[in-house]
Amino acid sequence: MPTTKAITGNGAMAQAMRQINPDVVAAFPITPSTQIIEDFAEFVADGEVNTELITVESEHSAMSACIGASAAGGRVMTATSANGLALMWEMLYIAASMRQPVLMSVVNRALSAPINIHCDHNDSMGARDAGWIQIYAENNQEAYDNMIMAPAIAEHMDVRLPLMVCLDGFIISHSIETMELEDDQKVRDFIGQYQGQNTLLDNEHPVTWGALGLHDYYIEFKRGQQMAIQNAKAVIQDVSERFGQQFGRKYDLFESYRLDDAERVIVAINSVAGEIKEVVDALRDEGEKVGLLKIRVFRPFPYAEIAEALKDVKVITVLDRSTSMGAYGPLFGEIRTALYDANPRPLIYNRTFGLGGRELFPDDIREVFAESKRYLESGKIEKLFDFLNVRGG
Amino acid sequence: MSDKYKLKKWQELAPGGVITEGGNAADYETGTWRTWRPVWCEDDCIHCLTCWVFCPEGAFLLKDGQTAGGKPRKEIEEIDYFHCKGCGLCVRECPVNKQGKKQAIEFVREET
């Protein structure tokens, strides 16, 4: 039976790690993800897991150790945030290219400078091209559920790719919410045993990992890697379906919230979705046809499915909690691309919000919907790209 | 060129580029890297095998032979241009070349 537990987002991720009981965890704690590894270190010390916990000197070393341990044949996990993820950059690509199914909690936090410990998505959005599967979570329960699903997705033979579960720093990582903690044995049955492929510790079959591939082979490897992450889409759907049957909570590539007959929709990622749902409910009560599409899987990006879900919408506001300096927000680019072939094509515009933890209140979201109402009536976007809640306009 | 050296399609590659067989550097053509080509001159070669010792690619292939006195020895057979990168170490280290009168290994510009 599941236990209803009051727990922080970080605590929930540590519980997921305890239940997964990985062979190796290599980590270098960084705010706001620190508590994940602190809690997990306790589980190791108390003998609740069989994990080899490697405390390393940097995040670059953490990811390097994870890759080595994974190539050696272990199920491997870690956690990080912001500058820590940035320091892993080089190794993120190597983990993905070497097709090692490393699992990582990314507690989203702003990148310096100025130094800031609060939430935005620039860290994981910057890593979006590294070849990792990216699954985002609105709250503690989703973060936990995503991590319980992660091994079955990442380790699937059609995929074999690393996977990051992203949750909002402080807003989720440090907030206590009640959630369902599933039974240890049931979770372990769901996850199954890990089978490493061509492992370094198999002395009978020596292998080379990380060899050279130049102009004659590199692009073929990348083509294969692209196939693997595209395969992940169907695997995520299958595993989510199986998870729903087993534990009763349903997940898909994204969440459609009151999208039926919606004329104006916000597309957003992570914790802000909870707030938007409140505002959508309130506006629906006032008779307004509004809705929310919440991204769950950002890599691989489900273009066709999202285009289908939004095909009857008239105005779409894409909220990016990150900046691609000199360009539109990363989510906006994907949503606009997904809908390029829609006929009629909806009005789509982009708002940047919440950088460095700047709050977005329900009244702010009401204003967003008021603006999209003006665009719906005029049939014209006045401002394609702008910041919300910034002094100076 | 045999099938062994045929470049594979992306579907045929092992995930992650893992190499599961030993000694497969032999399958990798480094001969295309050459801008200069060592040419072995059999008539002037004393078969001291200095070139064979210094060659980083093992590109000097040997055969069984015998000295003028009839003792068995290894002799140079040919240069394996599939692997020779044209580094020129053999040309530089050859003791015949060093004497300066003859050239047992010439170094010529690779024709493009």
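Predicted model: local features only at pLDDT ≥ 70, side-chain atom pairs only at ≥ 80, totals over all residues.
Chain A consists of two domains, with domain 1 spanning 3-247 and domain 2 spanning 254-387. Taken over C-alpha atoms, the centres of domain 1 and domain 2 of chain A are 28 Å apart. Their contact involves 29 residues from domain 1 of chain A and 21 residues from domain 2 of chain A. On the domain 1 side, at least two residues each come from helix 6 (122-126), strand 6 (133-136), strand 7 (163-168) and helix 9 of chain A. Helix 9 of chain A gives the most to this side, with five residues. By class, the side of domain 1 of chain A that touches domain 2 of chain A comprises 16 nonpolar, eight polar and five charged residues.

Within chain A, two helix pairs may be considered in turn. Helix 1 (residues 9-20) of chain A packs against helix 2 of chain A at an angle of about 40°, and their axes are 8 Å apart. Because angles under 35 degrees count as roughly parallel and those from 65 to 115 as roughly perpendicular, helix 1 of chain A is classed as oblique to helix 2 of chain A. The crossing of helix 1 of chain A with helix 2 of chain A is right-handed. Helix 1 of chain A contributes A:Asn10, A:Gly11, A:Met13, A:Ala14, A:Met17 and A:Arg18 to the contact, while helix 2 of chain A contributes A:Gln35, A:Ile36, A:Asp39, A:Phe40 and A:Phe43. The residues of this contact between helix 1 and helix 2 of chain A are six nonpolar, three polar and two charged.

The second pair is formed by helix 3 (residues 59-71) and helix 5 (residues 89-97) of chain A, which pack at an angle of about 15° with their axes 8 Å apart. Helix 3 of chain A is therefore roughly parallel to helix 5 of chain A. Helix 3 and helix 5 of chain A make a left-handed crossing. From helix 3 of chain A, the contact draws on A:His60, A:Met63, A:Ser64, A:Cys66 and A:Ile67, and from helix 5 of chain A on A:Glu90, A:Met91, A:Leu92, A:Ile94 and A:Ala95. Seven of the residues in the contact of helix 3 with helix 5 of chain A are nonpolar, two are polar and one is charged.

The backbone of chain A also has several local features. The peptide bond from A:Thr31 to A:Pro32 is cis, with omega near 0°, and A:Pro32 is placed in the loop between strand 2 (24-27) and helix 2 (34-45) of chain A. Another cis peptide bond joins A:Ala113 and A:Pro114, where omega is about -5°. A:Pro114 belongs to the loop between strand 5 (103-108) and helix 6 of chain A.

In A:Asn198, phi is about 50°, and the residue lies in the loop between helix 8 (184-191) and helix 9 of chain A. A:Asn198 has 19 other C-beta atoms within 10 Å, so it is partly exposed.

The contact between the chains involves 17 residues of chain A and eleven residues of chain B. Helix 9 (residues 218-247) of chain A gives the most to the chain A side, with four residues. The side of chain A that touches chain B is made up of six nonpolar, six polar and five charged residues.

A:Arg160 is located in the loop between helix 7 (140-154) and strand 7 of chain A. It counts as buried because it has 20 C-beta neighbours inside 10 Å. Not counting residues up to four places away in sequence, A:Arg160 touches A:Arg99, A:Pro101, A:Glu155, A:Ala228 and B:Pro15. A:Ile176 is 16 residues from A:Arg160 along the chain, and the C-alpha atoms of A:Arg160 and A:Ile176 are separated by 33 Å.

How values were computed:
Residues numbered from 1 in each chain as written. Chains lettered and ligands numbered in written order. Contact = placed C-beta atoms within 7 Å. Nonpolar A, V, L, I, M, F, W, Y, C, P; charged D, E, K, R; others polar. Axes fitted to C-alpha atoms, helices over the stretch in contact; angles between N-to-C directions. Parallel < 35°, antiparallel > 145°, perpendicular 65-115°, else oblique. Left-handed = near helix turned anticlockwise from the far one by under 90°. Domains from an automatic or database assignment. Buried ≥ 20, exposed ≤ 12 C-beta atoms within 10 Å, placed from the backbone.
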